[in-house]
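Hello,

Here is the structure I said I would pass on to you. Have a look at it first, and then read on for what turned up.

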Amino acid sequence: MPDLGKQGADLGQARDPWGGERARPIRHLRIRLDGTRPRRWHRLLLDRLTARGLHVSFDDRPGLGGLPASAETLFRLEALLGRLPLDGPAAPLPPGALTAYRTSSVAPDLTLDLCGDIESGSVWRLAYDGACGEAALLAALMAGHAPVAALSEGTRPIAAGRLGSETPGTMRAAFEDGLMRTITFVAAALAGARLAAEPGPAPPTPTPAAIGTRALRVLARSVVYRLYRLCYRAPHWRVGWRRLDGPDLIDLRAHPASGWRGLPDDGRRFYADPFPLDADGRTVLFVEEYPHATGKGVISAVTLGPDGPEGTPRPALEEPWHLSYPFVFARDGAVWMVPEASRNGTVDLYRARAYPGGWTREATLLSGVTASDATLLEHGGRWWLFATVRDGATARDPHGSFSDTLCLWSAPDFRGPFAPHPNNPVLIDIAAARPAGRVVARGGRLIRPVQDNRAGYGAALALARIDRLDDEGFSQTVETILRPGPLWPGTRLHTLNRSRNFEFIDGSARAPRWR
């Protein structure tokens, strides 16, 4: 995760994202947490803020908003069935784990209230969908929607972000993803990041009966999922394509009446992340090819003729690590590619020496970052790099969504060097952060395809208008949400790209093992 405190304002000189500079700098921060159930995420939050230059203490009197005991039982059941680690952010801390942060007698410049029971002084209160405490986070997840974390000072909003998870149906995993992203969110807000999102209605606090019902569903889902995996290869994606004889999807804002044709696969592999390119006198489609036997993606390519793909995609670029999302473009008399390599912790630029193959790595644009779906855009005399970034992505802390936190970098040239945006992260929103294809200029506006992952990874595709993109800020407005349906059957829709004569999307498919 990039050092958000270094990229934004120094935490000791935090800006007010809604009203300029704070009246006085924050030197001493007190965190109000429930001392009856301190968790590992509390320690991670304290450690991170201290590392950013703040003197941090805590108030750990018994507080409001704690999880009911039945929630812990549910978490243990899910961990057992899903083979989830038990030492994640939700794990309880041993006695004395927070002694280094004893409550100070010095009056704090600001209190961060995680319980919702501090009534006086300078206080930033954390809430999930308008309610405080960990129970509110769990309630939102059990209600089936992505919770909006919000910080406020009295009635004045400070920051807001819609938290996400790639596994929203697994409460423990989703809960821990939310806790890790809360750390990101709080640190970014204290650094002055201008984060905004609209909260939903506060769901009721989960009762033991509701949690018991959830536990029964967990058991049933575990059985069904294992039976499904015996019969089908999963996940399995598919690419849809069509010849353009009229307006494209960005103009239609709907699936075309003609529907889509599928790029066939043999069932032992899937194709996803379609990126076509008109270059060198032909159109070539690049895709992620994922053989189920290896469990590692490579980038493959197939030439397009007048009637569509000519043959089967063939491997064009392979590395020891997983590759996907082949962002390919032509520039300066050459063809370039920035594939996703999040498992390698880098964003790399490749050049084709024998197009459409012969790729060699020319530069590392970013390193030490788990960045998903890096997308380049030339705008305002600079090159901009969009990517969602995972927090806590280490062997010790493999938690936090890949898809809800958008960061930006810019450079004078697409080869770099890329500098982080001073307001990173510019957006925390599982519904509209992660890129889903090339940014398109249309009618004097920039339209950014994004993934809407509120219902799970790749559940829907949204079209967002970029309202601002400069060194001072970023903002966008989601104008359209597209989902699978009769014209694109399945449960997923998550990429959109086009060439001169063809348009491509991708989504889910079923691959029977007996096929």
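This is a predicted model: local features need pLDDT of at least 70, side-chain atom pairs count only at pLDDT 80 or more; totals for chains, interfaces and linings use all residues.

Strand 3 (residues 28–32) and strand 5 are paired in the parallel sense, with 4 bridges between them. On to the next neighbour: strand 5 also runs parallel to strand 6 (residues 123–128), and 3 bridges join these two. Here Asp-113 has Arg-125 of strand 6 as its bridge partner. Arg-125 in turn stands opposite Ser-152 in strand 7. Strand 7 (residues 148–153) pairs with strand 6 in the antiparallel sense, over 4 bridges.

Put together, these strands are part of an open sheet of 6 strands in the order 4-3-5-6-7-8, and its pairing is mixed. Strand 4 (55–59) and strand 8 (156–162) are at the edges; each has a single partner strand, so one side of each lacks a neighbour in the sheet. From one strand to the next, the twist averages 20°.

**Helices**

Helix 4 (residues 134–142) has 9 of its 9 residues buried, so it is largely enclosed by the rest of the structure. The buried residues run from Glu-134 through Ala-135, Ala-136, Leu-137, Leu-138, Ala-139, Ala-140 and Leu-141 to Met-142. Just after helix 4 comes Gly-144, with a positive phi of about 90°.

How do helix 3 and helix 5 lie relative to each other, roughly parallel or roughly perpendicular? The axes of helix 3 (residues 69–82) and helix 5 come within 8 Å and cross at roughly 110°. Since angles of 65 to 115 degrees count as roughly perpendicular, the two helices are therefore roughly perpendicular to each other. On the helix 3 side, the contact is made by Leu-74, Phe-75, Arg-76, Glu-78 and Ala-79, and on the helix 5 side by Met-171, Arg-172 and Phe-175. By type, the residues of this contact of helix 3 with helix 5 divide into 5 nonpolar and 3 charged, with no polar ones.

Not counting residues up to four places away in sequence, Thr-182 touches Trp-41, Leu-126, Tyr-128 and Leu-163.

Strand 30 is joined by 4 bridges to strand 31 (residues 502–508), and the two run antiparallel. Within that pairing, Asn-497 stands opposite Phe-504 in strand 31.

Pro-291 is found in strand 13 (residues 282–291). With a relative accessibility of 16%, Pro-291 counts as buried, because the cut-off for buried is under 20%. Which residues does Pro-291 contact, leaving aside its neighbours within four places in sequence? They are Arg-268, Arg-269 and Lys-296. Pro-291 and Arg-269 are 22 residues apart in sequence, yet their C-alpha atoms are 4.1 Å apart in space.

**The chain as a whole**

Stepping back, the protein chain has 7 helices and 32 strands. Of its 515 residues, 59% count as buried. Among contacts in the protein chain with a separation of 6 or more, 62% come from residues 24 or more positions apart. The chain exposes about 20600 Å², and carbon and sulfur atoms supply 53% of that area.

Best wishes

Notes:
Residues are numbered from 1 along each chain as its sequence is written. Side-chain values use heavy atoms; hydrogens and water are left out. Buried means under 20% relative accessible area, exposed over 50%, partly exposed in between (1.4 Å probe, protein chains only). Contact means heavy atoms within 4.5 Å. Accessible areas come from the Shrake-Rupley method with a 1.4 Å probe; for residues, only the protein chains shown count as cover. Axes are lines fitted to C-alpha atoms, for helices over the stretch in contact, and angles run from 0 to 180 degrees between N-to-C directions. Angles under 35 degrees count as roughly parallel, over 145 as roughly antiparallel, 65 to 115 as roughly perpendicular and the rest as oblique. Ala, Val, Leu, Ile, Met, Phe, Trp, Tyr, Cys and Pro count as nonpolar, Asp, Glu, Lys and Arg as charged, and the others, Gly among them, as polar. Two strands pair if DSSP finds at least two bridges between them.
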